[in-house]
Amino acid sequence: MKDMINILPENVANQIAAGEVVQRPASIVKELLENSIDAKATEIKVLVKDAGKTIIQIIDNGIGMSKRDASICFDRHATSKISNAKDLFNIRTKGFRGEALASIAAISHVNLISKRHGIELATEIAVNGSEVKSIKSTVSEAGTKISVKNIFFNIPARRNFLKSNNVEFRHVINEFIRVSLAHPEIKFIFYNDDEEIYSLPISNFKKRIINLFGSKTSEKLVPVSENTEILKIDGFIFKPKYSKKTRGEQFFFVNNRFVKSAYLNHAINSAFEGLIDSKYNPSYFLNLEVDPSSIDINIHPTKTEIKFEDEHSIYAILRASVKHSLGQYSITPVLDFDRDKSLDIPYDFEKKSKSTTVGIDINTNYNPFEKNEVTEKFISIDSFNKKMESLEFSSETNEMKEFNFDDLSSISNSNNSIQINKKFIVNNIKTGLIIINQERAHQRILYEKFLKSVTLSKINSQKLLHPHEIEFSKPDIKILNSRKDILNQFGLDFDLGDDKIIINAIPSFIDSANMSQSFNELIHNIKNDVPDESFSESDFISKIISKSLSIKNGKSLKVKEQQYIINSLFACKETMICPFNNRTFVKIDFSEIENMFK
Ligand code: ADP
Ligand code: MG
């Protein structure tokens with residue numbers, strides 16, 4: 001009988017392997033990014049068109065390839081990352097199977113240009129469906145530039161299985177986020193159809209999270225950190241109240257590789273037990289570091305599944321450390337986690353100057369009796385435009401959707417607000433009315449001003465013509481003393497006597513009229529840890545001061561003061577809620593009013 005077994009030709013074998021490695025454009029993006037990272041790139045550019053269906057291009061400044069390496073990198077099992085079976089147990093690179101480029105080249109048109117540092121010429125190779133079309137020398141920068149076009153051109157069935165551009169794009173972005181989160185030490189730039197989507201500077205893990213998910217993320221994060229013999233954990237969870245019904249941001253990285261693990265996810269869920277409804281999912285960004293020989297990442301070609309040698313202990317440690325962080329966060333609201341101070345503050349940190357001098361800038365010309373400040377603080381077109389920009393950004397999070405900021409164009413110059421019940425400011429807008437709670441709005445305004453000024457290390461302090469003395473009990477003086485330095489940074493300059501304080505200067509945007517009351521409140525709030533959810537000391541103090549020094553409900557306001565509140569509120573980054581998460585304003589549409597008369 002005739003023999004029946006054939007050895008498949010290399011290109012067919014590659015196509016079959018490609019089925020496992022390359023499911024969609026996103027898989028190619030992932031593999032190429034990983035190659036650039038393995039090549040020690042510090043800057044990686046990604047360009048995709050039509051969600052990667054037309055072209056995916058990755059440009060890195062990594063070590064590049066020699067002519068010989070470039071000419072064999074598309075062969076199956078061509079890898080520089082391991083050389084024998086023993087190495088399989090100590091993998092520190094992303095790749096090691098040597099099949100990504102072979103698989104990608106089997107189902108697309110690839111062009112690769114690569115040059116090692118210090119070598120004059122680059123090598124350029126074109127491969128179509130595993131077939132090398134050309135190899136030549138060319139001029140290029142050191143590093144590697146790879147373009148992958150016409151994915152699945154030779155497997156129409158697979159091409160037809162690709163989903164809409166929107167869906168495929170989402171997959172591409174997800175891969176990009178996973179890889180870039182795991183490597184904040186690398187600069188990433190991402191273009192989609194010539195539009196820059198992300199530009200991520202070299203930073204740290206927290207900043208990378210914020211750069212990817214928006215500045216508001218900062219206040220949601222609680223750090224998790226644990227160091228044991230078998231497992232090191234480092235990362236963040238979201239405060240329980242930010243849990244989502246949908247599986248939101250859930251990221252495990254094991255030795256800098258994104259992994260999926262239902263088992264570890266379960267550990268986190270159980271740590272959150274009792275804190276969130278079972279329908280909600282906690283969000284987390286956790287880096288786990290283990291001895292590479294204690295894990296097996298070889299179980300799936302895309303290497304997102306993982307097997308731990310000591311699964312049970314990993315589970316227990318993870319659960320315990322998340323629980324610990326949650327506990328710390330709710331029991332002791334103000335912890336100094338020894339982090340980059342500028343990151344405590346979601347405002348303008350990118351503008352923060354390098355200088356470390358934190359000083360009070362005293363305006364000696366200030367005359368507290370000359371009160372023409374308020375009028376100057378009307379929202380400028382410039383800040384209004386900025387507002388609009390930032391809104392576009394935050395509208396992604398759905399938090400702003402209920403309010404159309406177009407309506408505000410009509411506010412900025414109008415003087416037709418009224419105050420009702422000494423508590424609410426009512427102003428008409430294009431489509432209806434807004435009603436603002438004056439105290440909460442002012443808290444928001446002050447809170448943002450403080451955070452911003454502290455971030456920029458620049459609080460404009462006004463020296464009082466006559467230092468203001470207030471009597472206090474000894475314990476209260478002690479409390480103030482314990483916070484003197486930070487209050488000082490916030491522009492509150494005071495001396496402490498045995499039973500009194502002498503106030504010399506206060507931030508320029510604070511009304512000096514109610515100083516005694518404000519300081520009383522300040523002490524009361526510090527004593528009682530009033531913002532019970534603060535995350536950093538700067539945030540805590542900003543909240544306390546904004547609460548203590550804000551205009552109170554019950555105070556009648558002149559039209560100018562009302563206008564100041566309206567305009568400053570809508571120049572804030574967050575307008576809808578006060579620092580204590582209560583609504584600052586409501587909006588009533590004319591249509592609703594019309595309905596009331598039906
Ligand atoms: P693996 O990553 O598993 O080794 P790949 O097929 O992804 O296999 O890549 C094959 C080899 O080509 C790599 O081992 C590496 O030596 C080289 N290579 C691929 N991409 C790059 C790159 N961007 N820069 C430098 N070398 C690269
Ligand atoms: Mg690889």
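Averaged over the chain, pLDDT comes to 80, and 82% of the residues reach 70 or more. The elements of the chain span a range: strand β2, covering residues 55-60, has the highest mean pLDDT, at 98, while helix α10, residues 373-376, has the lowest, at 32. Over residues 331-407, pLDDT stays under 50. For this stretch the model has 152 contacts beyond four places in sequence. Where pLDDT is low, predicted coordinates should not be read in detail.

Attention now turns to ligand 1, which sits in the second largest pocket.

Several polar atoms of the protein face the ligand's own oxygen and nitrogen atoms. Thr79 places a polar side-chain atom 2.6 Å from an oxygen atom of ligand 1. At Leu101 the backbone is involved instead, with a polar atom 2.9 Å from an oxygen atom of the ligand. Thr144 contributes an N or O atom of its side chain, 3.2 Å from a nitrogen atom of ligand 1. Of the 530 Å² that ligand 1 exposes when taken alone, the protein buries 92%.

Note on methods:
Residues are numbered from 1 along each chain as its sequence is written. Chains are lettered from A and ligands numbered from 1 in the order in which they are written. Side-chain values use heavy atoms; hydrogens and water are left out. pLDDT is the predictor's confidence in each residue, from 0 to 100. Helices (H or I, at least four residues) and strands (E, at least two) are DSSP runs, numbered from the N terminus. Contact means heavy atoms within 4.5 Å. A polar contact is a pair of N or O atoms within 3.5 Å; within protein, one must be able to donate a hydrogen and the other to accept it, and residues adjacent in sequence count only if both atoms are side-chain atoms. Accessible areas come from the Shrake-Rupley method with a 1.4 Å probe; for residues, only the protein chains shown count as cover. On a 1 Å grid over the protein atoms alone, a cavity is a set of points where a 1.4 Å probe fits but cannot get out, and a pocket is an open set with protein on both sides within 12 Å along at least five of seven lines; lining residues have an atom within 4 Å of a point. A molecule sits in a cavity or pocket if more than half of its atoms lie within 2 Å of its grid points.
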